[in-house]
Amino acid sequence: LRPLKNVVVEECVDGEEALARLKELAQEEPDRQVLCLMDMSMPAMDGHEATQLYRAWAGKEGIPRKDQAWICLLTGDVITGHQSLQKMGFDAILTKPCAGAAMRAIVAKCIRS
């Protein structure tokens, strides 16, 4: 992917760090649009648990769903059905390995939401 203007890329080593960073961004920069590519399989805490905990925390903090981080699940497994994704707290899914076009589509979808 080509660099995007005004885009900051951060990397977390596991689900616990991702959860902590999402909370920090929500508190420190509430107007910042956040797209999180959340891997399903991570050490310490998987992406599903990290996403559920973030959504629960954001709800308790009174952050409307539309203002929460936009979370895209990255997985090597096939998950079908948009409803199951929403129940899991994800906004979209990318199956690994993913092509650049698929990644660009996710970024565009996040920006439009």
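The buried residues of helix α2 in this predicted model are Gly 47, Ala 50, Thr 51, Tyr 54, Arg 55, Trp 57 and Ala 58, where buried means under 20% relative accessible area, exposed over 50% and partly exposed in between, with a 1.4 Å probe and protein chains only. Seen down the axis of α2, these buried residues fall within an arc of 165°, so they line one face of the helix; the arc is that of the directions from the helix axis to the C-beta atoms. Helix α2 has 14 residues and spans 20 Å from its first C-alpha to its last, close to the 20 Å expected at 1.5 Å a residue. The expected span is 1.5 Å times one less than the number of residues of the helix. Local features in this predicted model need pLDDT of at least 70 and side-chain atom pairs count only at pLDDT 80 or more, whereas totals for chains, interfaces and linings use all residues. Residues are numbered from 1 along each chain as its sequence is written, and side-chain values use heavy atoms, with hydrogens and water left out.

The secondary structure of the protein chain comes to four helices and three strands, in the order α-β-α-β-α-β-α from the N terminus on. Helices (H or I, at least four residues) and strands (E, at least two) are DSSP runs, numbered from the N terminus. Of the 113 residues of the chain, 37% count as buried. Strands β1 and β2 run parallel and are joined by five bridges; two strands pair if DSSP finds at least two bridges between them. The bridge partner of Asp 39 in β2 is Leu 74. Together, β1, α2 and β2 make a right-handed β-α-β unit. A crossover is right-handed if, with the strands pointing away from the viewer, the path from the first strand over the helix to the second runs clockwise.

The largest nonpolar core has 22 residues, and those with the most contacts inside it are Leu 22, Met 38, Tyr 54, Trp 57, Ala 69, Ile 71 and Phe 90. Such a core is a set of buried Ala, Val, Leu, Ile, Met, Phe, Trp, Tyr and Cys residues joined through side-chain atoms within 4.5 Å. Two or more residues each come from α1 (15-28), β1, α2 (47-60), β2 and α3 (82-88), and α1 gives the most, with five residues. Apart from this core lies another, of eight residues, among them Leu 74, Ala 92, Met 103 and Cys 110.

Helix α4 (residues 100-112) has 13 residues and reaches 18 Å from its first C-alpha to its last, close to the 18 Å expected. Its buried residues are Met 103, Ile 106, Val 107 and Cys 110. Viewed down the axis of α4, they fall within an arc of 95°, so they line one face of the helix. These residues pack against β1 (35-39), β2 (70-75) and β3 (92-95), contact meaning heavy atoms within 4.5 Å.

In the loop between β3 and α4 lies Pro 97, and the peptide bond from Lys 96 to Pro 97 is cis, with omega near -10°. Ala 44 is found in the loop between β1 and α2. Phi of Ala 44 is near 70°, a positive value in a residue other than glycine, and at 57% relative accessibility Ala 44 counts as exposed.
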